[in-house]
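Let's take a friendly walk through a protein model, one piece at a time. Keep the 3D view open as you read.

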Amino acid sequence: MDYQKVIEEVYNEVLEENPRGKVADYIPELAHVDPDRFGIALVDLNGKVYGVGDCEVPFSIQSISKVHTLTMVFHVFKSKLWSRVNVEPSGNPFNSIAQLEFEKGIPRNPFINAGALVITDALCSKFEEPIKQISDFINEISGQNCVNIDHQVKNSEKNHGERNTAMAYFLKAYKNFDNEIAEVLDVYFSHCAMEMSCVDLAKSFSFLANDGYSIFANREIVSESHARRINALMLTCGFYDESGEFAFRVGLPGKSGVGGGVAAVMPHKFSVAVWSPELNEKGNSVKSVKALELLTDKLSFSLF
Ligand code: GLN
């Protein structure tokens with residue numbers, strides 16, 4: 001399969017159609033990014049990297065980091081984790097607080113903000129120096145020292161973090177939050193503010209395409225059964241209230257972030273990351289989703 005040719009075709013076709021959205025500005029620092037950035041990187045299971053456009057330019061991975069933190073926490077807590085967070089699509093925006101009250105402080109899934117805050121809280125309970133541990137973990141599974149925290153983005157989100165702070169207090173009221181709220185929020189904003197390129201991200205997702213084994217770290221990161229479950233969660237919940245549409249149009253497990261990145265995997269074949277900062281109203285990158293739709297069309301395979 002000539003992946004390089006295919007991703008170049010995809011890249012050119014998306015640029016030609018040029019679908020537009022709006023750069024996230026609720027985190028003011030994110031609004032400074034160049035809206036025309038666009039890159040694609042695909043990594044096959046031999047570790048060969050195919051890239052086009054701005055595939056080596058670091059960007060704010062935001063909620064894509066929720067896959068990395070979930071992986072770490074799931075590995076430690078195993079199925080006990082699911083007493084604190086559910087595994088159902090929410091059908092609501094990523095930052096919605098509404099369901100938390102009806103569902104007694106158990107978030108719908110680990111990828112909406114409320115669920116990710118529970119995951120980060122669990123991580124803080126088990127790991128000393130959690131930010132360092134998350135960075136070390138991502139560096140290891142990417143096979144290189146690629147992670148950098150953008151402190152301007154982190155502080156920008158922290159200064160406008162009322163919703164996430166409210167959610168953390170709400171979780172605490174339901175006794176689903178063990179650590180100091182400020183400490184956990186600091187870790188959460190830090191992992192969301194990590195910068196990586198499409199190449200780094202695609203490498204860091206490779207183990208999910210490979211039954212849990214990372215060819216970059218040369219070890220099993222999670223069991224095959226955990227890898228399958230993380231992929232199931234990405235497929236059903238990775239794009240918030242647009243997860244159905246992503247499954248319909250693209251058909252791969254994936255995760256988006258409001259920095260405009262999307263990382264996805266085709267199990268037993270490849271991992272892929274795309275970045276373009278302009279988002280639709282659901283907070284998912286317009287060009288990145290379009291690129292992945294064209295990719296699975298052209299390759300004529302998806303999960304289905
Ligand atoms: N840090 C962002 C937030 O909590 C992440 C959201 C996202 O990427 N969807 O709002």
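At what angle do helix α2 and helix α11 pack, and how far apart are their axes? In this predicted model, helix α2 (residues 65-77) packs with helix α11 (residues 224-237) at an angle of about 140°, and their axes are 11 Å apart. Because of that angle, α2 counts as oblique to α11. The crossing of these two helices is right-handed.

Now look at the side of each helix that faces its partner. From α2 come Val67, Leu70, Thr71, Phe74 and His75, and they meet His226, Ile230 and Met234 of α11. Sorted by class, this contact holds five nonpolar and three polar residues, with no charged ones.

Next comes the ligand. Around the ligand you can find Gln62, Ser63, Phe94, Asn95, Asn113, Glu157, Asn164, Cys192, Gly257, Val258 and Gly283. Here is how the two groups of residues divide by class:

| Group | Nonpolar | Polar | Charged |
|---|---|---|---|
| Contact of α2 with α11 | five residues | three residues | no residues |

Finally, turn to the strands. Strands of a sheet pair through backbone hydrogen bonds, in a parallel or an antiparallel way. Here, five strands form an open sheet in the order β3-β2-β11-β10-β9, and their pairing is antiparallel. At the edges lie β3 (49-53) and β9 (254-256), each of which pairs on one side only. On average, neighbouring strands of this sheet are turned by 10° against each other, direction ignored.

Asp44 has Phe270 in β11 as its bridge partner.

Methods
Residues are numbered from 1 along each chain as its sequence is written. This is a predicted model: local features need pLDDT of at least 70, side-chain atom pairs count only at pLDDT 80 or more; totals for chains, interfaces and linings use all residues. Axes are lines fitted to C-alpha atoms, for helices over the stretch in contact, and angles run from 0 to 180 degrees between N-to-C directions. Helices (H or I, at least four residues) and strands (E, at least two) are DSSP runs, numbered from the N terminus. Angles under 35 degrees count as roughly parallel, over 145 as roughly antiparallel, 65 to 115 as roughly perpendicular and the rest as oblique. A crossing is left-handed if the near helix is turned anticlockwise from the far one by less than a right angle, and right-handed if clockwise. Two residues are in contact if their C-beta atoms, placed from the backbone, lie within 7 Å. Ala, Val, Leu, Ile, Met, Phe, Trp, Tyr, Cys and Pro count as nonpolar, Asp, Glu, Lys and Arg as charged, and the others, Gly among them, as polar. A residue is near a molecule or strand if its C-beta atom, placed from the backbone, lies within 6 Å of it. Two strands pair if DSSP finds at least two bridges between them.
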